[in-house]
Every structure is written in structure tokens, then in C-alpha cells.
Amino acid sequence: FGEVTVVPDNRELEVIREELISAMSSACSAAIVGGVDVTLGDGTTSHYSLTAEDQINLMSLQSMVAAGAETVPYHADGEACRYYTAEEFNIIAQAATSWVLYHQSYFNSLKQYIRALKTPEALETVTYGMEIPAAYRTEVLSQIMSQMEGDA
């Protein structure tokens, strides 16, 4: 009778693909919410979570700084609220914005890559944080990655 090979039909492959995209979306959200470490001009490094509420607070305070506020109250994870100078807060806001933008851009590129894969075996190799082949990277992700390499 010989060997029997089961090849998933396109519907099965599409279900696997969409489940993987959903899982990668969750990983992206977790990475964003997990937050970013920020080193200020004085050399101190603190961690800032980036829940949706944190991001809204950062945008609101960034608006205050843009309007001329010299200090704004905020806090790092596990630390007491304190006043940050406009310069310090700009560093925090820029790091947070870059963190969110990187992960959103990374996920969009990863989604394109996942949609291009044609076998369950290939889909099984996908993990959040893997290097995405250049052909599937958005222009934004490629630019962010170049900037990150330049900063390293």
C-alpha cells in the first residue's frame, strides 16, 4: 500500500496561519506593555511600563512639555512619582514612542512573512523576535533597525 502523506488543505493552512498571527499579535502587545528601560542624562536607568493608560499619560504629559511646561510629574515602575525636567521627560517619551513603533512595525512585517509561508512546517519555525527576512520588512522597520544598529 505504501506510505500515506497527509497534506493539509488550504483551509487548514489558513487556520494555522491566522492562529499564529493572533499569537504573534499577543506577543507584540505583551512586549509593548512590558515597557522599556530608559537611561537619563544623569546615568540613572529606570523601567517604564507601557500599558494603554501609560501611553495616554505619556502623550498628555508630552503635550504639556510641548506647550512649555518646564517639569512634569511622572514615575518609573516601582518608584515614587517625581518631577522630571522637560529634557528628561522628552528622553522618556522618545524611548517609549520608539519602543512602541518598533514592535508595531516588527509585527506588521512578521505578519507579511507569515502570510507568505506555504507549509505548516515553515509556520512552526516562526517566533516573536526572530529575524525577519529583509524582503518582508516594511520600510519603517528597515529604517528603525538601521537606526538601532547605528546606536549600538
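Mentor: Let's begin with Ile-21, which is buried because its relative accessible area is 7%; buried means under 20%, exposed over 50%, and partly exposed in between, using a 1.4 Å probe and protein chains only. Please keep in mind that this is a predicted model, where local features need pLDDT of at least 70 and side-chain atom pairs count only at pLDDT 80 or more, while totals for chains, interfaces and linings use all residues. Residues are numbered from 1 along each chain as its sequence is written, and side-chain values use heavy atoms, leaving out hydrogens and water.

Find Ile-21 in helix α1, which covers residues 10-34; helices (H or I, at least four residues) and strands (E, at least two) are DSSP runs, numbered from the N terminus. Setting aside residues up to four places away in sequence, Ile-21 touches Phe-107, Lys-111, Ile-114 and Arg-115, where contact means heavy atoms within 4.5 Å.

Ile-114 lies in helix α3, and it counts as buried because its relative accessibility is 0%. With residues up to four places away again left out, Ile-114 touches Arg-17, Leu-20, Ile-21, Met-24, Leu-123 and Val-126. Compare that with a pair that is 18 residues apart along the chain: the C-alpha atoms of Ile-114 and Ala-96 are separated by 27 Å.

Stay in helix α3 (residues 86-116) and you will find Ser-105. Ser-105 is buried too, because its relative accessible area is 7%. Its contacts, not counting residues up to four places away in sequence, are Thr-138, Val-140, Leu-141 and Ile-144. Ser-105 and Ala-69, by contrast, are 36 residues apart in sequence and 31 Å apart in space, C-alpha to C-alpha.

For a contrast in accessibility, look at Ala-52 in helix α2, residues 52-66. Ala-52 is exposed, because its relative accessible area is 54%.

Let's step back to the whole chain. It holds five helices and four strands, in the order α-β-β-α-β-β-α-α-α along the sequence. Its C-alpha atoms fill a box of roughly 80 × 30 × 25 Å along the principal axes. The radius of gyration is 20 Å, whereas a compact globule of 152 residues would have one near 15 Å; this value is taken over C-alpha atoms, and the globule rule is 2.2 Å times the number of residues to the power 0.38. Of the 152 residues, 32% count as buried. Among contacts between residues at least 6 apart in sequence, 55% join residues at least 24 apart.

Cys-28 is buried because its relative accessibility is 6%, while Cys-81 is exposed because its relative accessible area is 54%. The count of disulfides comes to zero, a disulfide being a pair of cysteine sulfur atoms within 2.5 Å.
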